[in-house]
Amino acid sequence: MLRGHIKRGFLALFIVVGMPLLILFVYLKIVTSITEPTPTDLLAPELHNAGHSDSFRTMGNNWLRKSESGLYEMYVEGPPFERGVVLGRLAKDLVQYQEIVFNDQIEQLVPSPLYRNLLKYFVGWFNRNLNSHIQDEYRLEIFGVSKSFSDDYNSIAPPYQRAINYHAAHDIGHALQNMSLVGCTSFATWDDRSEDKSLIVGRNFDFFAGDDFAKNKLVLFMKPKDGHQFVSITWAGMMGVLSGMNDQGLTVTINAAKSDIPSEAFTPVSLVAREILQYASNIDEAYAIAAKRKMFVSESFLIGSYKDDKAVIIEKTENDIELFDSRTSEIICTNHFQSDGIGSNPLNVQHIKESASVPRFDRVKELLTRNQSNSISNTASILRDRNGLGDRSIGLGNERAINQLIAHHSVIFQPGTLRVWVSTRPWQLGKYVCYDLNDVFGSRLKYDQEIHQSILTIPEDQSIDKVTLDRFKKFSNYRFPFQSKEQIQPDSLLKWNPNLYLSYLLVGDYYFDRGEYKTAKLNYEKGLALVVATEQERKYMADRIQKCNEEL
């Protein structure tokens, strides 16, 4: 009889607790699954075999090579699904490598397997309607690439579902985090503000997902069946656009702005930028495309247009859109909105006061004013600048610097000549190599050869010595909140980066956690005496000093 009571007790417990959990699990499995598209443009017979060598791979007219600069270069043409399959096959090892380092970074951010499993379902639920907000063309292209994904991560989700979700990772990251992983800078000059009167666009894509993630940069030249030919600076498997220029002399770069925490995903920013690059030839067409797509984060699109002979910023939130025109011959874009309407949004106003966006904006303005008339070489110098306002040394990696030494890539566009300069490792300190879209799209590469214009190469940055750079690389192992601080050696940390407030903040934390409040307080005070990037970090150190006082 007792055994019967126990059985009934377990049954009641299952009904009360287990059944809802089972229903929730089944529900999440259903709503987080994404239906694969059905391609109609199956791979052409002649494309089923690829030619491979150590540095040059071909598949029909498509090719992939590794330049002596360290950059990977790729040309892909054709209809959507075919483009995706070809890219995936030619760059299969690169595509799979990017997924490995991305998931390694997730494991570092979320060490607990249990929490990572919960995160998987959260992201799946959050992105439950993502598929319906992506154009069929890009769904097919992404589906084609996913055919080359590894099966090693199928426990997370099937390849296509993972590929779609990865395209929203940038948006989710900058909507939910405040760890200085996204802090881009871009600007443009033309007419009287450019030395030769031409439109020049410069940008740093300061997106950090680990140094390994930025190791294999890809310069992708695409000739789609529909729309304009374009170049995009990206990584293998990423079909959205972060920085790019098309054959009409239209450029697109994206800068994250402060967003409310969204409730669900819509069109990823990079795919809106991709559509603009592929289908717009001027500012009006770019604006029309941006206006018709609903996004779930706030973003600025700096649009440079050869046909309009100027650059503007399309500012877009989840619900609003505005076109910002500087009404001068230069424009600067960091991480806050500047228009009268969206710019007055309370969230944006707060961001202006508390973030490093305005100081970085002001530093670009200061350097442009100093140069009087801009040039390609001046643009590279500005993108490499590591100082604060008034040339003050603010420490390496300070978010207030234009060059934060985290850039995935740095790029310079000259739309009138269809030339683009792309940075090489490390960050934007290596040389910038130049590509001429007229040459790349005007000829068919038959064998392995360099395609960049060597005579137009911008030399590597000589203003930082190897010892200083090596010390900063050591410091970078402790730079971000998600990195382990167990191996910190306080004296070494201060030696590696003595002018950066963050060095003293980290050392202060080291001593605070060990109950050495006098030493902790001293370091927090030294940190506050330097140029602190954000108000949040300033308040953190001030609060810690108060706690130290209470303990002393």
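Buried means under 20% relative accessible area, exposed means over 50%, and partly exposed lies in between, with a 1.4 Å probe and protein chains only; by this scale Phe-149, at 10% relative accessibility, counts as buried. The structure is a predicted model, in which local features need pLDDT of at least 70 and side-chain atom pairs count only at pLDDT 80 or more, whereas totals for chains, interfaces and linings use all residues. Residues are numbered from 1 along each chain as its sequence is written, and side-chain values use heavy atoms, with hydrogens and water left out. Helices (H or I, at least four residues) and strands (E, at least two) are DSSP runs numbered from the N terminus.

**Aromatic rings and charges**

- Rings of Phe, Tyr and Trp (its six-membered ring) pair if their centres lie within 6.5 Å, with planes under 30 degrees apart called stacked, over 60 edge-to-face and the rest tilted; by this rule the count comes to 16 aromatic pairs.
- One of these pairs joins Phe-149 and Tyr-166, which are stacked at 6.2 Å centre to centre with 25° between the planes.
- Phe-149 lies in the loop between α5 (136–146) and α6 (159–166) while Tyr-166 belongs to helix α6, so the pair ties together parts that are 17 residues apart in sequence.
- Tyr-166 is partly exposed, having a relative accessible area of 23%.
- Ring pairs also link Phe-149 and Tyr-166 with Phe-102, Phe-205, Phe-207, Phe-213 and Trp-235 into a cluster.
- A charge sits over a ring if NZ of Lys or CZ of Arg is within 6 Å of the ring centre and within 35 degrees of the ring normal; Lys-294 lies in this way over the face of Phe-266, at 4.8 Å from the ring centre, and the charged end of Arg-514 sits over the ring of Tyr-510, 3.7 Å from its centre.

- Two strands pair if DSSP finds at least two bridges between them, and an open sheet of six strands with antiparallel pairing has the order β14-β5-β6-β15-β16-β17.
- The edges are formed by β14 (330–333) and β17 (432–436), each with a single partner strand, so one side of each is left without a neighbour in the sheet.
- Axes are lines fitted to C-alpha atoms, for helices over the stretch in contact, and angles run from 0 to 180 degrees between N-to-C directions; the twist averages 10° from one strand to the next.
- Contact means heavy atoms within 4.5 Å, and helix α11 (residues 357–371) packs on the sheet by touching β5 (185–189) and β14, its direction making about 155° with that of β14.
- Helix α12 (residues 376–383) lies across β5, β6 (200–205), β15 (409–414), β16 and β17, and runs at about 155° to β15.
- Strand β16 (residues 419–423) pairs with β17 in the antiparallel sense over five bridges, and Val-420 has Tyr-435 in β17 as its bridge partner.

- Seven of the seven residues of strand β4 (residues 72–78) are buried, so β4 is largely enclosed by the rest of the structure.
- On one side of β4 the buried residues are Tyr-72, Met-74, Val-76 and Gly-78, and on the other they are Glu-73, Tyr-75 and Glu-77, so that both faces are covered.
- Strand β3 (residues 62–66) pairs with β4 in the antiparallel sense over four bridges, and the two form a hairpin with five residues between them, where Gly-70 in the turn has a positive phi of about 100°.
- With strand β7 (residues 218–224), β4 pairs in the parallel sense over seven bridges, and the bridge partner of Tyr-75 in β7 is Phe-221.

**Loops and backbone geometry**

- Most residues other than glycine have a negative phi, and most peptide bonds are trans.
- The peptide bond from Arg-425 to Pro-426 is cis, with omega near -5°, and Pro-426 is placed in the loop between β16 and β17.
- Arg-327, in the loop between β13 (321–324) and β14, has a positive phi of about 65° although it is not a glycine, and it is exposed with a relative accessible area of 71%.
- Leu-405, in the loop between α12 and β15, has a positive phi near 55°, and it is buried with a relative accessible area of 2%.
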